[in-house]
Each structure stands twice: as C-alpha cells, then as structure tokens.
Amino acid sequence: MTQSVLIIGGGVIGCASALALAQAGCRVTLVERGALGGESSWAGAGLLSALLPWDYRPELVRLLDRSRALYPAWIERLGESGIDPEYRASGLLVLLPYDLSAALQWARASAEPLEELPAQRIEPSLVVEGAALWLPRVAQVRNPRLLQALRSALVQQGVRLLENTAVSGWRTEGGRITGAETTQGVLEAEQYVVATGALSCPTLGTLGGAQLPIKPMRGQIVLYKTTPGRLRHMLYRDGFYLIPRDDGHILAGSTLEDVGFDKQVTAEAKTGLMQSAIDLLPWLQEVPVVGHWAGLRPASPDNLPIISRHPELENLFVNSGHYRYGVTLAPASAQALADLMLGRSSEFDLPAFRWP
C-alpha cells in the first residue's frame, strides 16, 4: 500500500529524503518554513569529504564513504533536470599538520588514493612549503545549484512542495502523530519526518519528553572572484579550506561558533578568514571579496547524524544532526531513512544513528 509521508524541512537532507521516499512509491509532501534550500544547505562550501576523515568515528566514516560512492549516480539522476550541480572531482590537498599514519590507514580501509608529496607540486602558487597529502578523487558540488536540481527532481517525481509554511505544533494520539499544525492548517499523513537541521529541537519541542542532542553552530564563509582556473584544487589546512569553482569564485571557510541561533556575520570572522587565505595564497590579497555569509549547522555529538524513529512516537522519524556534512551525507542518509521507514533490509549500520 502507498504510504503518505510528511517531511518537515526543505534543506538538502529533507529534499534528498523526499526524493528517496517518492522514488520508493510514497506520496510525499515537503514542508519548508522559508524557501527550499534557503538555510545552511545553501550556505555550505560543498566539499564532499570529512575534514579530515581519519579523525572521525568509524560509523561516520563508513557512512561518508558510502555516500561519496553514491554521489555520481545521484548527480546523474539530478542532471536529468537540466541543471548542472557542478559535481567536480577537483582533488583535495591537505597541508600540515596531519597524522600520516592515521591517514594511510584510512586510505587503505576506504580504498582511497592518497599520496604524500611536496605541496607545491600540486599547487605551485602556495607559499607553504613542505609535505602535503594529495587526495585526487575528493569531489565538490555547488550547493545552490544542487538544491535547484533537487527541487526540479522533486517536482518531476510528484512531491508536493509547501514553502513558506511553518510548523507550529503537533497533534498526537495513542503514541502516534495524527497531524502537524502549520501556517497552512493541519497537515495529516501516515508517517512524519523531521529534517530541520539546526532547528530540529524547536521543531520537535517536547514531543514524548525526548530531547535531541542537536544545537546550532554558526559557520561563516568569505567569497572571492578571480580568473577561472587560477586555483585548480581544493586546499585544507588546520580547519581552514579554499574551494575553487569553475567560474573563478573561491570560497574561504569556515568558522565554528557556538552562538545559538545568531546568523549575523562579523567583521572579526571576515578578517580572520581573509588572513588565513592570504597566508596560503598571497595573490588573493589583490582579489576582490564579493560575498560574506553565515549559516547554522546542526551540531551533534561526535558529528554522528540521527537517522531514527522517535523513541516514543512510532510514526515519527528524524533525519538530522549532520553537522558539517549534510551535503556530503545526503544520498546515503536519504537511503538509510527510506530503508528504516519502509522496513527494507539495509546496507547501513542503522543502530549507530539511533536517537540516543
């Protein structure tokens, strides 16, 4: 029997989840309080790798590896919309400091090509000398274009999109959700999914007395515009990255700030990000900054997302808490959620992402 599903949250995780469930035959309505993809999913840099993958728990590494493997086919499917998400395997150069032994162990386990070599062999304009780790297969995607392609795919799949629609409360009966109270009235479905990222706790409220361990964490990014091809590969050093786009834009990010739901940008962060960029590539001092923005990441313990049924309400599910890696983890997280909701056998370690 076809199931009806109401998904709250129109970021990359909510959109990917809606697409996976619709492709499985569900009747899906997607509710977003603002514009689809208008929050942290839009604001991210689109680097499709953890920073750094060998520093994370094995459960997350396995999910990351699987999601990255799913990406080419996922992008091909989204490309049917006619919108190019700019998925590019531009490679990642990791500058010191790093743990070479841990990196090599991860590379062997993940079958990921990795080489230690002089940094300037890959990026000659670097002023940083010494060894670096070169990961040639690490890819990137352009977040706003990815979200545009997802939106088009959802429409083609028959998903009902309700933007500018906020959830204000819940109706429950007998351990089940019976409706979501919204600014468009009460919306009913057989199954419900909360995928509202940093807003997951306010969205859920005190349903069933359970509290998600998710909080907002602000990240700021600075955007440069230069000649296309001037920087060809992604660079990373000690929490800071530079991501080049095809058209000459370069993203410099990002901060990690525990400031609650404050999305304001700060002059201090902008100055710090620009200095970090110039410390790697002095020629950026002559390149204009054309953008500066902030987004709120859904921070979770150990960066582990929560892909789970609610502990008290049998028809309520959560797909949230992806911290810095929502875009990276979207294909795998959506598939894992669909497996859980539809009772399918799953290749994923679903208990690892259960609601604590």
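Is Glu181 buried, partly exposed or exposed? At 27% relative accessibility, Glu181 is partly exposed, because the partly exposed class sits between under 20% for buried and over 50% for exposed. Please keep in mind as you look around that this is a predicted model.

## The chain as a whole

Let us start with the overall picture. The chain holds 9 helices and 17 strands. Its C-alpha trace spans about 65 × 40 × 40 Å along the principal axes.

Of the 356 residues, 58% count as buried. The accessible surface comes to about 14,500 Å², and carbon and sulfur atoms contribute 48% of it. Among contacts with a separation of 6 or more, 73% are between residues 24 or more positions apart.

## Where H3 meets H9

Helix H3 covers residues 58-78 and helix H9 covers residues 326-342; they pack at an angle of about 90°, with their axes 7 Å apart. The two helices are therefore roughly perpendicular to each other. On the H3 side, the contact is made by Leu60, Leu63, Leu64, Ser67, Arg68, Leu70, Tyr71 and Trp74. H9 brings Val327, Thr328, Leu329, Ala330, Pro331, Ala332, Ser333 and Gln335. Sorted by class, this contact has 11 nonpolar, 4 polar and 1 charged residues.

## Trp106 and its neighbours

Which residues does Trp106 touch, leaving aside its neighbours within four places in sequence? They are Pro53, Trp54, Val61, Asp65, Arg68, Glu112, Leu114 and Leu135.

Trp106 itself belongs to helix H4, residues 100-110. Its relative accessibility is 6%, so Trp106 counts as buried. Pro58 lies 48 residues from Trp106 along the chain, and the C-alpha atoms of the pair are separated by 9.6 Å.

Glu181 is part of strand E8, which runs over residues 176-182. Not counting residues up to four places away in sequence, Glu181 touches Ala166, Val167, Ser168, Gly169, Trp170, Arg171 and Val186. Gln120 is 61 residues from Glu181 along the chain, with 57 Å between their C-alpha atoms.

Glu314 sits in the loop between E16 and strand E17 (316-320). With a relative accessible area of 44%, Glu314 is partly exposed. Glu314 and Gly175 are 139 residues apart in sequence, yet 6.5 Å apart in space from C-alpha to C-alpha. Setting aside residues up to four places away in sequence, Glu314 touches Gly175, Arg176, Gln191 and Arg309.

## Backbone spots to check

Most residues other than glycine have a negative phi, and most peptide bonds are trans.

Where are the cis peptide bonds? One runs from Leu51 to Leu52, with omega near -10°. Leu52 lies in the loop between helix H2 (40-43) and H3. Another cis peptide bond joins Gly253 and Ser254, where omega is about -15°. Ser254 is placed in the loop between strand E14 (249-253) and helix H8 (267-280).

Asn164 has phi near 50° and is found in the loop between strand E6 (160-162) and strand E7 (167-173). Asn303 has phi near 65°, and its place is in the loop between strand E15 (289-299) and strand E16 (306-309). Is each of them buried or exposed? Asn164 is exposed, with a relative accessible area of 57%, whereas Asn303 is buried, with a relative accessible area of 11%.

Conventions
Residues are numbered from 1 along each chain as its sequence is written. This is a predicted model: local features need pLDDT of at least 70, side-chain atom pairs count only at pLDDT 80 or more; totals for chains, interfaces and linings use all residues. Side-chain values use heavy atoms; hydrogens and water are left out. Axes are lines fitted to C-alpha atoms, for helices over the stretch in contact, and angles run from 0 to 180 degrees between N-to-C directions. Helices (H or I, at least four residues) and strands (E, at least two) are DSSP runs, numbered from the N terminus. Angles under 35 degrees count as roughly parallel, over 145 as roughly antiparallel, 65 to 115 as roughly perpendicular and the rest as oblique. Contact means heavy atoms within 4.5 Å. Ala, Val, Leu, Ile, Met, Phe, Trp, Tyr, Cys and Pro count as nonpolar, Asp, Glu, Lys and Arg as charged, and the others, Gly among them, as polar. Buried means under 20% relative accessible area, exposed over 50%, partly exposed in between (1.4 Å probe, protein chains only). Accessible areas come from the Shrake-Rupley method with a 1.4 Å probe; for residues, only the protein chains shown count as cover.
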